[in-house]
Amino acid sequence: LLAAGVATVTVANRTAMQAEVVADNFARQVSGHGYDDIPLRRYSLVINATSMGLKQQRPPLDTKYLAGC
């Protein structure tokens with residue numbers, strides 16, 4: 001995504017620490033957050049890369065994050 005020119009990437013996980021570990025492997029445009037502290041902004045794309053997606057389920061995200069998708 002970064003190579004394609006995406007300005008920012010937000011990684012969300014049940015635990016903020018795990019999301020931050022993933023984000024730290026990338027450029028400054030990538031930030032990591034727990035589900036309860038995701039920045040409120042307009043997101044163009046949400047990718048569910050959890051095992052929940054294999055069961056046609058979604059992570060516990062408030063639908064306000066999905067408004068721009």
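Ala12 stands opposite His33, a residue of strand 2. The pairing belongs to a predicted model, in which strand 1 (residues 9-13) and strand 2 run parallel and are joined by five bridges. The secondary structure of the chain amounts to one helix and two strands, arranged along the sequence in the pattern β-α-β.

**The paired strands**

- Strand 2 covers residues 30-34, and four of its five residues are buried, so this strand is largely enclosed by the rest of the structure.
- Strand 1 spans residues 9-13 and is linked to strand 2 by five bridges in a parallel arrangement.
- Asn13 is a residue of strand 1, and its relative accessibility of 23% makes it partly exposed.
- The threshold matters for Asn13: buried means under 20% relative accessible area and exposed means over 50%, so a residue at 23% counts as partly exposed.
- Residues up to four places away in sequence aside, Asn13 touches Gln18, Ala19, His33, Gly34 and Tyr35.

**Tyr35, after strand 2**

- Tyr35 is placed in the segment that follows strand 2.
- Tyr35 counts as buried because its relative accessibility is 16%, and the cut-off for a buried residue is under 20%.
- When neighbours within four places in sequence are set aside, the contacts of Tyr35 are Ala12, Asn13, Arg14, Thr50, Pro59, Pro60 and Leu61.
- Ala12, one of these contacts of Tyr35, is also the residue that stands opposite His33.
- Asn13, another residue in contact with Tyr35, is found in strand 1.
- The C-alpha atom of Tyr35 lies 16 Å from that of Ala67, a residue 32 positions away along the chain.

- Ser44 belongs to the segment after strand 2 and is exposed, its relative accessible area being 66%.
- Apart from neighbours within four places in sequence, Ser44 is in contact with Gly68 and Cys69.
- Ser44 and Ala67 are 23 residues apart along the chain, and their C-alpha atoms are separated by 8.6 Å.
- Ala67 likewise lies in the segment after strand 2, and a relative accessible area of 65% makes Ala67 exposed.
- From Ala67 to Ala23, 44 residues apart along the chain, the C-alpha separation is 23 Å.
- Gln56 is a further residue of the segment after strand 2, and at 74% relative accessibility Gln56 counts as exposed.
- Although Gln56 is not a glycine, its phi is positive, at about 60 degrees.

**The chain as a whole**

- A compact globule of 69 residues would have a radius of gyration near 11 Å, and the 12 Å of the chain agrees with this expectation.
- Taken along the principal axes, the box filled by the C-alpha atoms is roughly 30 × 25 × 20 Å.
- Of the 69 residues in the chain, 19% are buried.
- The chain exposes about 5,300 Å², of which carbon and sulfur atoms supply 54%.
- Among contacts between residues at least 6 apart in sequence, 34% join residues at least 24 apart.

Methods. Residues numbered from 1 in each chain as written. Predicted model: local features only at pLDDT ≥ 70, side-chain atom pairs only at ≥ 80, totals over all residues. Heavy atoms only, no water. Rg over C-alpha atoms; globule rule 2.2 N^0.38 Å. Buried < 20%, exposed > 50% of the residue type's maximum accessible area, 1.4 Å probe, protein only. Contact = heavy atoms within 4.5 Å. Areas by Shrake-Rupley, 256 points an atom, 1.4 Å probe, with all protein chains shown as cover. Pairing = 2+ DSSP bridges.
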